[in-house]
Amino acid sequence: MSGARLSLASLAHVPAPVRRPGYDVAAAQVGVVHLGVGAFHRAHQAVYLDDILGRGHAGWAVAGASLRSPNTSDALDPQDGLYALVTRSGEGDRLRVIGSLRRLLVAPREPQALLAAMTDPAVRIVTLTVTEKGYCHDPAAGTLDEGHPDIRADLADPERPVSAPGFLVEALRRRRAAGIAPFTVLCCDNLPANGRTVARVVARLAALREADLGRFVEGEVAFPSTMVDRIVPATTDTVRALVADGLGMEDAWPVSAEPFSQWVVEDHFPLGRPPLEEVGVELVPDVAPYEHMKLRLLNGAHSTMAYLGALAGYAHIADVMAAPAFARLVERLQDEEITPTLHLPAGVDVGAYKRALRERFRNPALKHRTWQIAMDGSQKLPQRLVAPARDRLAAGAPIPLLAFAIAGWMRYVTGRDEHGTPIEVRDPLAGRLRALADAAGPDADRLTPALLSVREVFGDDLPADPRFAGPVRAALGRILAGGVAASVAETVAG
Ligand code: CS2
């Protein structure tokens, strides 16, 4: 099949070791609209729904929309939505073709088609992975950023939305006007209390349009919270090549992931849901304990490794974990300062959870870039590192390691590494952070308060709290004076 490309027509020629959909892909019906059809969705929710379709529940296929770039759609449309997932570990690569993505839409190109899909009575759930910044909210406060350019655009022209909240509000309004019950909104991003946060943001936008619509969203629309977990690096040409090799044909945009996958969901779906429990999803009354455990132990450690590791010259998480002082820092941060802030889910052995996490970080095949995780720190830090620090301070406990991790972010957003080479800082606040850092200069006494003034990250309380500002300033001083590698070694030895 050389020169062939993955599609419904070529699917039968995919060689046997590759797992393929065992159901009639063309006959699957869309029951879920997904906003943000990037690699994470395709390696996580779409896989669970592929399993659901494989168990004979044909009404739960996905229509996936890109809210910005048409790239995924342009790559997968000629493939009838089919793509390969390769799970990678030290034990080798395993390939599987996923069939649950039955339709692709590009919101900026066809907003009305997307709204029509969201208004279809057969669609009962709208899932989202639009990344933290896609909700146009203030990350520290968890409320709608009413001055956000996309939100202003959506208020000015609400029937042609551009933002994720804008699409949700307009689709819910149209369903209501047509007498169609509202879909359930299932946020699959790493936001704190993600269901409740998105409910607050969407209800506020709805209320700004029309008070009555705001009340409707608040009272009638379900926003269950979720904890999603799978490490999914951005697709590289190496992955494309190994997939082409395994399939014996091209796939323009496969995805790669670790073998591990977890999905914990609050069971609140007034219009019904697929039988997720049949495919390994944990349905619980309260996601919060799982969410804290994952956002703080996994994502908090990830961000710590991303900033300090990238500054020290490590390209991948596995490289950071191979440096003994960095591995020790992660372990001590998790054990001494994060674990005590958790209310653990019943039956979870947190020691085993952390050991498994560190093994996942060490996965030698995954090639998860520190630069990728370092993106959008202003949106990630509040729930990953700042919230546990706040909890520790409330309990009267010290935060030397959390402060060190936060200082690593401050050093990173100055935009230059230790050789003076520019770092490409990707963050919605990058320009502001850089300007604050440039004005302060490389002096911890000036740089710390300058960056602490970013209230979207630190809120109103912490900048004024010497128990927070003091250790952050001390840590940043050590990083600036001795360099990252030496200060990590010094910190874990102390
Ligand atoms: C990572 C996450 O990029 C990041 O910020 O920390 O994408 C992480 O890999 C996932 O949340 C794992 O479930």
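Two residues are taken to be in contact if their C-beta atoms, placed from the backbone, lie within 7 Å. By that criterion, and leaving aside neighbours within four places in sequence, V202 is in contact with P165, L168, V169 and V217.

## Basis of the model

The structure is a predicted model, in which local features need a pLDDT of at least 70 and side-chain atom pairs count only at pLDDT 80 or more, while totals for chains, interfaces and linings use all residues. Residues are numbered from 1 along each chain as its sequence is written.

The protein is divided into domain 1 (11–284) and domain 2 (288–493), with bounds that come from an automatic or database domain assignment. Taken over C-alpha atoms, the centres of domain 1 and domain 2 are separated by 29 Å. The contact between them takes 22 residues from domain 1 and 29 residues from domain 2. On the side of domain 1 that touches domain 2, the elements giving two or more residues are β3 (83–89) and β10 (226–229); helices (H or I, at least four residues) and strands (E, at least two) are DSSP runs, numbered from the N terminus. That side of domain 1 has 11 nonpolar, 5 polar and 6 charged residues, where Ala, Val, Leu, Ile, Met, Phe, Trp, Tyr, Cys and Pro count as nonpolar, Asp, Glu, Lys and Arg as charged, and the others, Gly among them, as polar.

In the model, the span 31–277 is 36% helix and 22% strand, with its end C-alpha atoms 17 Å apart, whereas the span 286–478 is 67% helix and 0% strand, with its end C-alpha atoms 41 Å apart.

## The shell around the ligand

The residues that surround the ligand are N190, D229, R230, I231, L298, N299, H302, Q372, I373 and K380, a residue being near a molecule or strand if its C-beta atom, placed from the backbone, lies within 6 Å of it. By class, this shell has 3 nonpolar, 4 polar and 3 charged residues.

At least three residues of the shell around the ligand are drawn from each of domain 1 and domain 2. Helices α10 (288–311) and α14 (370–374) each supply at least two residues to the shell, and α10 gives the most, with 3 residues.

## The nonpolar core and V202

A nonpolar core is a set of buried Ala, Val, Leu, Ile, Met, Phe, Trp, Tyr and Cys residues joined through C-beta atoms within 7 Å. The largest such core in this model has 152 residues, and those with the most contacts inside it are V202 and I406. The largest share of this core, 11 residues, comes from α10, and the core draws at least three residues from each of domain 1 and domain 2.

V202 has its place in helix α7 (residues 194–209). V202 counts as buried because it has 26 C-beta neighbours inside 10 Å; a residue is buried if 20 or more other C-beta atoms lie within 10 Å of its own, exposed if 12 or fewer, and partly exposed in between, with C-beta atoms placed from the backbone. V202 and G166, 36 residues apart in sequence, are 7.9 Å apart in space, C-alpha to C-alpha.

## V18 in the segment before β1

V18 is found in the segment before β1 (30–35), and it counts as partly exposed because it has 16 C-beta neighbours inside 10 Å. Leaving aside neighbours within four places in sequence, V18 is in contact with L95, R96, V97, G246 and L247. The C-alpha atoms of V18 and R96 are separated by 5.3 Å, although these residues are 78 residues apart along the chain.

## Two positive phi values

Most residues other than glycine have a negative phi. A193, in the loop between β9 (184–187) and α7, has a phi near 45°, a positive value in a residue other than glycine. A193 counts as partly exposed because it has 18 C-beta neighbours inside 10 Å.

D376 also has a positive phi, near 60°, and its place is in the loop between α14 and α15 (377–394). With 19 C-beta neighbours inside 10 Å, D376 counts as partly exposed.
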